[in-house]
Each structure stands twice: as structure tokens, then as C-alpha cells.
Amino acid sequence: MLAALRSRAIHLCSSSHALQPWKPGFLGFHRFESSSPGSTSGFLDLQEVEKVLNDVKADDVKVIPVRNHCDWTDFMVIATGRSTWHVRNIAEALIYKAAETLVAKQKQKGAQRLLLPSVQGQEGGKWIVIDSGTVIVHALDEKARAYYNLESLWTTEMSPKGPTKDLEKAFVKIRRTNNSKKSVKKVA
Amino acid sequence: MRTNLKVVDNSGAKRVMCIQALKGKKGARLGDTIIASVKEAQPRGKVKKGDVVYGVVVRAAMQRGRCDGSEIKFDDNAVVLVNKQGEPIGTRVFGPVPHELRKKKHVKILTLAEHIA
């Protein structure tokens, strides 16, 4: 079903961008994000994600805003599936919803650059990541969730990795102390 | 081939030697997957010395061009151990990792990383 959906979405759009959603414009895309959140990429809404996860009956859905710690994404959604089949189902449901919203948007606006969210980990159903720009959805099973412990990684405050010393003090010229046995010659 | 790489996750290995680059005739670069042999490992880890493992190169001393024209290079060569399906064996990744991993479909390593260059 998934392959048929993807081929349908790709067939609908005229540009070749759908095949590789993170094509060269990625860095440019990242810069434009803050101004127009919903226009260029498919499937950004948190509410839609939450609704789909509720429909699929995913356990223990957690939404973590990482906008402060993280500059490559804004929200992380973590969901648990009861079995590998359930985890795969969650991923398929999200992709299906994304394709639907893309088709709806395309009918309104005409042929735009359609970005399907990329899915990683589809074959082994232990940890599937769906990357759609500002929202990243992790679908894990129980054991993987306990093993990787993603909440503790993202909810603790990450200290900024910049220099800790003051910039003014770093460049002050200090007269070196003379540790040698020879006395310093006085400059005439 | 035969490149000594540092392991930057907590899977237990410390040094691996590359034995095959999975894609590319000229060798693996930043973001590529390699097959490696564990040369040095911590005593109580998930991998032990002599294991053949897959890894993803996360830092490379060779510069890699970005799409805006800039280049990125690191001081060392580092790898994150991964299983055949692409899932990281360790649970945390230390040190900076580049953005290129996102396009190469290694978002899992990016989520485990502590700093992104």
C-alpha cells in the first residue's frame, strides 16, 4: 500500500523534487522555515500528528519542544507501539495522512514542490523515524524505548557548547613572569 | 580500507579499522556506511574485540563540500556503530556531528547526538 501511495504522489507532482525531499535547497529551506511554517512542506502540524497517533492507538505519546536546544528541528514526538507490526502501522498511517494533506494542498494551489516526509527504519520495525522538517516522529517499540531513553536525552537542559570564559579577558595581554635564573636586562 | 577510526558512542568499542566502504569506489566519506573490525574495546561493552560491525562515518578529516559552497572538516575520523538495519548499537553519541547525516537518512544518529555542527 505504501509503495502504491508513494508512486501516486510522485506521479501527481510535476517536479522531480519529491524523490529526494532534502535536495540542495535544504539549508535554504531551513532558513525560510520560521517565516512560513506550513506552506512548503507536507505534514507539519502537531495537531494532525496527535490525531493520527490517537487513531492508531499508539501508546505513551510524548511531544517535546526542542526549539531551544536544537536548531535542526522544532518538535520531537515519541510514540510507542505494542509490537513491530504496530510500529510499522503507525509509520504507514502518518505517511498516508501526509500524502492526503499533500494531495489536498495540491488541489488548492496547483503543482508545488511536494515534500513527502522521509521514513527511516522501515524494514526492521524497532525504531522508525519520520522526518518532516520541523516535526520529527519517532515510533519505537517498548524495548527500544527503554533502551535508547530519548526523553532523558531531550528533556534535560543542554548547556550551550560555546566558550565559557569571557571574551574580554581572553585577549588581555599579560606580562609574563620571569622564571629564569637570569635577571631581566633593563632596556635603555 | 585499513583506516583507524575512533568510536564515539557508548557501544563499548574504542577503535575500529575499516575493512570495506559500502558505497563508492574511492572510499567512504562523511555520512557513508562502512564495514569495520573492532580493534580495541572496553571490557564490558556490547561489542568485543574482533567483531565485524557496520558503522557510519560521522567525522572525517577530509573536507566535504556543502551545498552553499562552504566546506566542513574535523580534526579526527570518527564512526558510530550501527547494525545492519541502520539502528545505532549505542545509546549516546559524543562530540559534534554534521548536518549531512540528515540527508543521508541517519536521523537516528542525529537524535542521539549531543551537538550538531
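Student: How many residue pairs are in polar contact across the interface of chain B and chain A?
Tutor: In this predicted model, the rule finds 11 residue pairs in polar contact there, both residues at pLDDT 80 or more. A polar contact is a pair of N or O atoms within 3.5 Å; within protein, one must be able to donate a hydrogen and the other to accept it, and residues adjacent in sequence count only if both atoms are side-chain atoms.

Student: Which elements supply the chain B side?
Tutor: α1 (100–103), α2 and β9 (113–116) of chain B each supply at least two residues, and α2(B) gives the most, with 5 residues. Helices (H or I, at least four residues) and strands (E, at least two) are DSSP runs, numbered from the N terminus.

Student: And salt bridges, how many between chain B and chain A?
Tutor: The count is 1, where the side chains of A:Asp131 and B:Arg102 meet at 2.8 Å, N to O. The term requires a side-chain nitrogen of Lys or Arg within 4 Å of a carboxyl oxygen of Asp or Glu.

Student: What area do the two chains bury?
Tutor: They bury about 2400 Å² between them, 62% of it on carbon and sulfur atoms. This is the accessible area (1.4 Å probe) that two parts lose on being put together, summed over both. In chain B, B:Arg102, B:Lys108 and B:Thr111 lose the most area to chain A, together 28% of what that side buries.

Student: What conventions apply here?
Tutor: Local features need pLDDT of at least 70 and side-chain atom pairs count only at pLDDT 80 or more, whereas totals for chains, interfaces and linings use all residues. Residues are numbered from 1 along each chain as its sequence is written, chains are lettered from A and ligands numbered from 1 in the order in which they are written, and side-chain values use heavy atoms, with hydrogens and water left out.
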